[in-house]
Amino acid sequence: MYGLILQNMAEYIQNKHGDNMWKKVKEQLNLEVDSFPSSETYPEAQVGKMGKAAMKILSMKDEEFYEGMGKYFVTLAKEAGYERTILQLGRRIRDFFLNLDNLHDYLKYTFPKMKAPSFFIEAEDATHLMMQYRTRRRGFHYYVQGQVKEIAKVLFINTGQLENKLDCKLKKQEIVFDTAVFHFELTYDNKGFIEHTKALESRKESSMPIRAGVFFEMFPFCLLFEKDMIVKNMGSALRFCIPQMIGRKVGEYWELIKPLVDFKYEVIETRMNSMFELATQDEIDKLRTATGTGSESGEGSSEELELDDLEDIDKTLHIKGQMIYIAEWQQMLFLACPIMKGMNNLIWSGLFINDLSMHDYSRDIMLANAQTDMEAGLAKMQLAKKVALTKSNNDRAASFKKQNDELGYMFLPTQVAISIIQGKDPAEISDKIERSAMLVAEIVGSSEFCAKAKPADVCNFYNNVESIWDHLCKINKCFRLDRKTEYMVESGAADKTDTAIENIANLALDIMEASKKAIRDPLAKKTVKVIISVGTGPTITAVSGKLVPKFGLYGVPITHSGLLLEACPDDCILVGPTTRSLLPGMYKIKEFKEVAGVGLAHQLQDKEGRAPLKDKDIMTKEPMEPPPKDGAKADAKAEGGGEAPAAGGDGGDAGGGGDGGGDDGGGDDDGG
């Protein structure tokens with residue numbers, strides 16, 4: 001049940017009996033709302049519960065209450081904009097109720113779950129009209145009685161019959177299967193009946209015979225049947241769809257949808273003024289296929305195959321029209337037209353647009369629906385494109401947000417970033433580390449060949465370098481510090497670990513190998529030369545910057561790595577004495593020379609059992625090329641240069657690191 005009926009009751013109580021009474025009804029029923037949306041559905045028993053509570057509070061009997069509610073419904077319908085529809089539905093009281101079923105059919109587009117009743121005119125004369133009201137609901141007969149009285153008043157006023165009054169009384173009620181049937185007697189001055197009778201008497205009918213074949217071509221969906229309900233003839237379209245129906249009973253193929261009466265000849269004779277709707281008992285495509293005809297019209301189409309997979313599709317053929325008794329033939333003619341929502345119904349029926357009659361709107365409705373479907377399809381396609389574009393934009397926005405977050409915190413270790421996200425002040429984030437290792441790497445002569453190369457080649461060169469080296473940092477679990485002029489990596493401070501020295505040593509060997517394999521001078525396309533230094537010692541960590549916070553180190557490793565880098569020969573890895581003493585025996589190390597401020601430096605050459613880097617581990621942005629043939633000679637020359645006599649030094653790593661923030665030898669303490 002739709003909320004329109006409940007809203008009708010609520011407003012009737014409020015406007016006719018006052019807000020206080022409505023509040024009492026709400027309190028008794030524990031209702032919290034004053035209005036019921038007309039498009040929402042409610043349990044069928046809801047109106048009965050509300051009605052019983054209201055009648056008890058108002059001390060009213062059911063006939064008085066529901067009749068008043070029915071009268072107020074007409075007022076509600078007029079306020080909702082249906083007054084013109086009520087006035088134009090029929091010229092007389094009789095015509096109004098004969099066409100009321102059609103109005104209910106129209107309203108099903110707005111209220112698809114509506115259980116509409118049916119109204120029939122059994123008989124009428126100059127002062128009376130016998131009306132039958134059929135419904136599957138119980139308890140609404142007095143409600144209808146009030147509606148009839150109020151509608152009659154509106155129609156009388158519209159036609160200028162101000163003195164005319166209508167009285168409506170329930171004469172009989174019965175239950176037929178699941179349908180309740182109520183017989184009302186309407187008493188009033190039925191001037192319309194008198195005028196209709198005079199018009200029939202004054203009309204002169206002339207005989208204009210017509211061939212039956214022409215008739216059944218003009219009305220392709222008509223049915224002609226006898227008193228025993230056996231089909232004698234039918235329209236051309238139905239003959240194509242269900243030719244086997246000739247000579248069979250109508251009820252074998254069709255069921256009566258409306259009105260709510262038995263599908264019998266004698267019942268049809270008493271309902272000649274009603275609109276009838278029939279529907280095939282089986283799906284029309286199955287009935288058509290069973291005949292072995294019409295298979296060429298759309299059978300096997302892709303659209304049909306797609307729709308076969310759906311569940312809630314009504315493939316039955318519906319026809320709607322009126323029953324006319326043809327006295328000359330002594331047979332009943334059902335003059336009907338098809339109810340088809342779209343082209344799919346034509347496909348299932350095996351029909352074409354030219355099979356529809358031209359004198360009614362069947363073709364226009366079909367083409368209009370097809371046009372609407374095409375427009376809806378285009379709109380759906382455009383909507384799908386917009387949805388896809390929106391989804392793509394959302395994905396891109398999410399990707400950019402992720403990249404922004406990563407860029408925003410790429411200069412911070414994970415734990416430090418979490419602390420800042422949680423609201424901790426970066427200035428308060430600091431820690432003292434007993435031992436961490438620092439690596440500084442540099443490409444020899446880069447300023448010279450980059451000054452001569454094209455700007456685009458220089459950008460590509462450094463992008464390639466950072467891509468390769470950064471990936472190796474991740475593999476070896478090291479953390480890169482943000483520096484403008486030097487490539488600096490640390491291990492042991494950002495993420496505390498017991499293998500900080502080994503991680504840095506492995507990274508140094510990997511960077512050296514990957515550089516020889518994948519990095520080329522952008523000008524001469526030769527293998528570049530790399531120098532790497534590693535310092536180890538105690539450090540203090542801190543975070544600087546508010547808009548873009550950066551992680552920095554202060555202490556011995558910064559100083560030592562800077563001094564070692566200045567003394568480092570081409571294609572060599574230098575480590576300080578502290579780093580040397582902490583490296584396991586599997587690393588191949590060779591003495592180099594004393595470095596001022598550091599002590600005895602050593603060359604890190606290799607590691608026992610170390611496997612060469614795989615191509616997938618070298619994240620190059622350019623294709624790897626084999627090194628030039630003179631690469632081996634150049635390497636040998638660089639290695640020979642490493643045998644220079646050692647310079648004097650103060651012989652201690654700890655001595656240079658006593659100052660936590662020293663700037664000896666040009667090495668900047670701040671790695672951040």
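My entries follow in that order.

**Ground rules.** I'm working from a predicted model, where local features need pLDDT of at least 70, side-chain atom pairs count only at pLDDT 80 or more, and totals for chains, interfaces and linings use all residues. Residues are numbered from 1 along each chain as its sequence is written, and side-chain values use heavy atoms, with hydrogens and water left out. For element names I use DSSP runs numbered from the N terminus: helices are H or I with at least four residues, strands are E with at least two.

**Entry 1: helix pairs.** Two packed helices are described by the angle between their axes and the distance between the axes. My axes are lines fitted to C-alpha atoms, for helices over the stretch in contact, and angles run from 0 to 180 degrees between N-to-C directions.

I began with α1 and α2, which pack at about 140 degrees with axes 6 Å apart. That makes α1 oblique to α2; the scheme is under 35 degrees for roughly parallel, over 145 for roughly antiparallel, 65 to 115 for roughly perpendicular, and oblique for the rest. On the α1 side I found A10, I13, Q14 and H17, facing D19, M21, W22 and V25 of α2 (contact means heavy atoms within 4.5 Å). I sorted these contact residues into five nonpolar, two polar and one charged. For the classes, Ala, Val, Leu, Ile, Met, Phe, Trp, Tyr, Cys and Pro count as nonpolar, Asp, Glu, Lys and Arg as charged, and the others, Gly among them, as polar.

Next I took α2 (residues 19–29) against α3 (residues 45–58): about 130 degrees, axes 10 Å apart. That makes α2 oblique to α3. The crossing is right-handed; a crossing is left-handed if the near helix is turned anticlockwise from the far one by less than a right angle, and right-handed if clockwise. From α2, M21, W22, K24, V25, Q28 and L29 meet K49, M50, A53, A54, K56, I57 and L58 of α3. I get nine nonpolar, one polar and three charged residues in that contact.

Then α3 with α4: their axes come within 10 Å and cross at roughly 115 degrees, again with a right-handed crossing. V47, G48, G51, A54, M55 and L58 of α3 make the contact with D62, F65, Y66 and M69 of α4. Its classes are seven nonpolar, two polar and one charged.

**Entry 2: empty space.** Rolling a probe the size of a water molecule over the atoms shows where empty space is left. The search ran on a 1 Å grid over the protein atoms alone: a cavity is a set of points where a 1.4 Å probe fits but cannot get out, a pocket is an open set with protein on both sides within 12 Å along at least five of seven lines, and lining residues have an atom within 4 Å of a point. Grid points are joined across faces, edges and corners, and a volume is the space filled by probe spheres set on the points.

The largest pocket holds about 1,600 Å³. Of its 43 lining residues, Y109, E277, I339, M340 and K341 are the closest to the centre. α15 (362–409) gives the largest share of that lining, seven residues. The class count is 22 nonpolar, ten polar and eleven charged.

The second largest pocket holds about 870 Å³. Among its 33 lining residues, L4, I5, F73, H104 and Q147 are the closest to the centre. Here α4 gives the most, with seven residues, and I count 27 nonpolar, four polar and two charged in the lining.

Entry 3: The K258 to P259 peptide bond is cis, omega near 0 degrees, and P259 sits in the loop between β7 and α11. K477 has a positive phi of about 60 degrees although it is not a glycine; I placed K477 in the loop between α18 and β12.

Last, M114, in the loop between α6 and β1. Leaving out residues up to four places away in sequence, M114 touches Y2, H104, L107 and K108. M114 and H104 are ten residues apart in sequence and 8.5 Å apart in space, C-alpha to C-alpha.
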